Amino acid sequence: MSEAPTSPATTRRTLLCGAAAVLAGGATVAVSGCASSASPSGSGSGSGSGSGSGSDAAAGPVEVGPAADVPVGGGKVYREKKIVVTQPTAGQYKAFSAKCTHAGCVVDQIKDSQIQCPCHGSRFSIADGSVQDGPAPTPLPSYQVAVDGGTLKVTPS
């Protein structure tokens with residue numbers, strides 16, 4: 001007796017991404033979270049059109065907000081811009097992609113001096129974006145940040 005042919009298992013994410021593409025009529029669509037978790041994420045770009053999505057593909061500095069909004073020893077997530085800015089020590093600002101390198105979820109908070117991802121529990125250092133607790137495989141990509149007239153300006157790499 002012969003066995004039924006086998007095919008690769010379809011994940012819920014693959015099915016939903018495929019359905020979104022079909023509903024869009026074949027147009028290029030940016031479906032958040034459709035990037036494979038197995039793909040390398042070192043460049044900071046993820047799902048979306050072109051070479052990145054949102055502020056990840058910006059050519060120049062992006063104004064994110066007042067420097068005063070970023071507490072010393074903590075940080076602030078600019079979710080809509082997919083940027084997180086931290087201030088590990090007074091006057092020292094750091095900026096990173098807010099997209100977790102595990103599955104592309106946007107980090108949601110800074111707690112206990114760590115940038116935290118709500119999806120699978122990854123934690124990153126506010127000082128350098130390094131992985132403090134997985135499953136994220138690589139650090140958050142870092143960006144250049146400057147304070148101009150009290151306003152934070154971030155230049156994605």
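Tutor: A residue is called buried when its relative accessible area is under 20%, and exposed when that area is over 50%. The model discussed here is predicted.

Student: Is C100 buried or exposed?

Tutor: The cut-off for a buried residue is under 20% relative accessible area. C100 has a relative accessible area of 4%, so C100 is buried.

Student: Which residues form the disulfide?

Tutor: The structure holds one disulfide. A disulfide requires two cysteine sulfur atoms within 2.5 Å. A pair with sulfur atoms 2.1 Å apart meets this, and the residues are C105 and C119.

Student: What is the handedness of the disulfide, left-handed or right-handed?

Tutor: The handedness follows from the torsion about the S-S bond of C105 and C119. That torsion is about -105°, so the disulfide is left-handed.

Student: How many residues apart in sequence are the parts that the disulfide of C105 and C119 ties together?

Tutor: C105 lies in the loop between β4 and β5 (109-111). C119 lies in the loop between β6 (114-116) and β7 (123-125). The pair therefore ties together parts whose separation in sequence is 14 residues.

Student: Which cysteine has the sulfur nearest to that of C100?

Tutor: C100 is in no disulfide. A disulfide would need the sulfur atoms within 2.5 Å. The nearest cysteine sulfur is 3.9 Å away and belongs to C117.

Student: What is the relative accessible area of C117?

Tutor: C117 is likewise in no disulfide, and its nearest cysteine sulfur is that of C100. C117 counts as buried because its relative accessible area is 4%.

Student: Which residue has the backbone nitrogen that the side chain of S97 reaches?

Tutor: S97 is placed in strand β4, which covers residues 92-97. At 1% relative accessibility, S97 counts as buried. Its side chain comes to 3.1 Å from a backbone nitrogen, that of K99.

Student: What share of the accessible surface of the protein chain belongs to carbon and sulfur atoms?

Tutor: Of the 157 residues of the protein chain, 31% count as buried. The accessible surface comes to about 8700 Å². The share of that surface belonging to carbon and sulfur atoms is 52%.

How values were computed: Residues numbered from 1 in each chain as written. Predicted model: local features only at pLDDT ≥ 70, side-chain atom pairs only at ≥ 80, totals over all residues. Heavy atoms only, no water. Helix = DSSP H or I, 4+ residues; strand = E, 2+ residues; numbered from the N terminus. Buried < 20%, exposed > 50% of the residue type's maximum accessible area, 1.4 Å probe, protein only. Polar contact = N/O pair within 3.5 Å; in protein donor to acceptor, adjacent residues only side chain to side chain. Areas by Shrake-Rupley, 256 points an atom, 1.4 Å probe, with all protein chains shown as cover.
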